[in-house]
Amino acid sequence: MKILLIDDVYLERLHLSIRLKKIGHEVSLLSSGIEIKEKIEYFEPDLILMDINMPDINGIDLTKWIRRKFKDWIPIIFLSSYQQPNIIEKAIIAGGDDYLIKPVNRTVLASKILAMERIAIMRTKLKNKNIQIEEMNNRLQKQANEDPLTGLFNRRFLNHKVVEFLNIHERNQLTFVLIMIDVDYFKKYNDFYGHIKGDQCLTQIANELNLLFSRKDDIVARFGGEEFIILLGNTNLEQGINQCQRIKEHFRKLNISHEKSFLDKRLTLSQGLICVDPNIIIDSNIIYNLVDIKLYEAKKNGRNTYAY
Ligand code: GH3
Ligand code: MG
Ligand code: MG
Ligand code: MG
């Protein structure tokens, strides 16, 4: 263990440190309480052995200071010649973990250090376990919200976000936009290129949409099959329409082949858009239904277009 020994008497420090080093500990010595305030971060001790009666600050007050200052627990054992029960009580209440009366028997001291070491190991194990649990929770959380094929947010997360958008935008009296995107003639794409190429195509579309909408608050989700949804906060109808046009233009330039599409043998998308007014009472299912009607309109109008 890395032990920090604080005692104002030189000989006490010397004797103790020799003994501690003999049984394998690393020892740092300090002669005053004030010094520790400047150096404790530098030492990072596993254990502090502390005298009580020191000229500048007494060990009990110093312990209170350490307990206030550090969230992490550092075991503290008092070594003092005071035998009065009320002082021992005070020392433990202040944050000490144990109290030995000087002169300290070397075997007793070694055993007490061992006990502290054992608790410290248990604490470290527990801490690591907690970190593991937290990491696992984060992973599960991410998995629960993610579409496995494309890595986009899934419908579950989207539903949650739409409700959040409704609340926030009502509170701030702002509009937001939801765009539903459906790939044109995708069944033909699968039939011609095969399902694996179909999957790759969906992933490519997802990546492109993610690139197009990379602002922190933009949400790009896979709604299902070959349908995607874009959620744009604090956006009005005109801005939303511009985004539909931007998506259309982007995919025109990408120029992805689709041999069996009637639209110039290129992969195209149809889009429905809804701009949600904060003053109209509406829920997420109604939003999906309305935007689906708009998407259907875009399909009816020949595909590779948008309706709102
Ligand atoms: P439309 O232009 O009217 O949208 O025609 P469409 O063929 O795209 O529409 P339809 O809904 O009939 O077909 C959707 C197709 O999307 C059917 C299904 O095979 C395909 N699809 C859905 N999910 C996946 C997927 O995860 N991977 C692949 N490869 N294909 C999928
Ligand atoms: Mg002293
Ligand atoms: Mg579809
Ligand atoms: Mg389709």
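Two residues are in contact here if their C-beta atoms, placed from the backbone, lie within 7 Å. Hello everyone, let's keep that one in mind as we go. What you have above is a predicted model, in which local features need pLDDT of at least 70, side-chain atom pairs count only at pLDDT 80 or more, and totals for chains, interfaces and linings use all residues. Residues are numbered from 1 along each chain as its sequence is written, with chains lettered from A and ligands numbered from 1 in the order in which they are written.

Let me put that definition to work on G151. Leaving out neighbours within four places in sequence, G151 is in contact with E146 and A206. G151 sits in the loop between α5 (106–145) and α6 (155–172); helices here are DSSP runs of H or I with at least four residues, strands are runs of E with at least two, and both are numbered from the N terminus. Is G151 buried, exposed or partly exposed? It counts as partly exposed, because it has 14 C-beta neighbours inside 10 Å. The cut-offs are 20 or more other C-beta atoms within 10 Å of a residue's own for buried, 12 or fewer for exposed, and partly exposed in between, again with C-beta atoms placed from the backbone.

Now let's step back to the whole chain. It is divided into domain 1 (2–134) and domain 2 (155–307), with bounds from an automatic or database domain assignment. Taken over C-alpha atoms, the two domain centres are 63 Å apart. The secondary structure comes to 10 helices and 10 strands. The radius of gyration, taken over C-alpha atoms, is 34 Å, well over the 19 Å that the globule rule gives for 308 residues, so the chain is more spread out than a compact globule. That rule is 2.2 Å times the number of residues to the power 0.38. Along the principal axes, the C-alpha trace spans about 95 × 45 × 25 Å. Of the 308 residues, 31% count as buried.

On to strand β3 (residues 47–50), where we find L49. L49 counts as buried because it has 27 C-beta neighbours inside 10 Å. Beyond four places in sequence, L49 touches I3, L5, I77 and L79. Its C-alpha atom is 58 Å from that of L211, 162 residues apart along the chain.

Next comes D51, in the loop between β3 and α3 (59–69). UniProt, in an unreviewed entry, lists D51 for "modified residue: 4-aspartylphosphate"; UniProt positions follow the numbering used here, feature names are shortened, and annotations may be inferred rather than shown by experiment. D51 is buried, with 23 other C-beta atoms within 10 Å. Among its contacts beyond four places in sequence are D7, D8 and S80.

Finally, the ligand. Which residues are closest to ligand 1? They are D184, F186, K187, G198 and G225, out of 17 that surround it, where near means a C-beta atom, placed from the backbone, within 6 Å. Two or more residues of that shell come from each of β6 (176–183), α7 (186–193) and α8 (195–212). By class, the shell has five nonpolar, four polar and eight charged residues. Here Ala, Val, Leu, Ile, Met, Phe, Trp, Tyr, Cys and Pro are nonpolar, Asp, Glu, Lys and Arg charged, and the others, Gly among them, polar.
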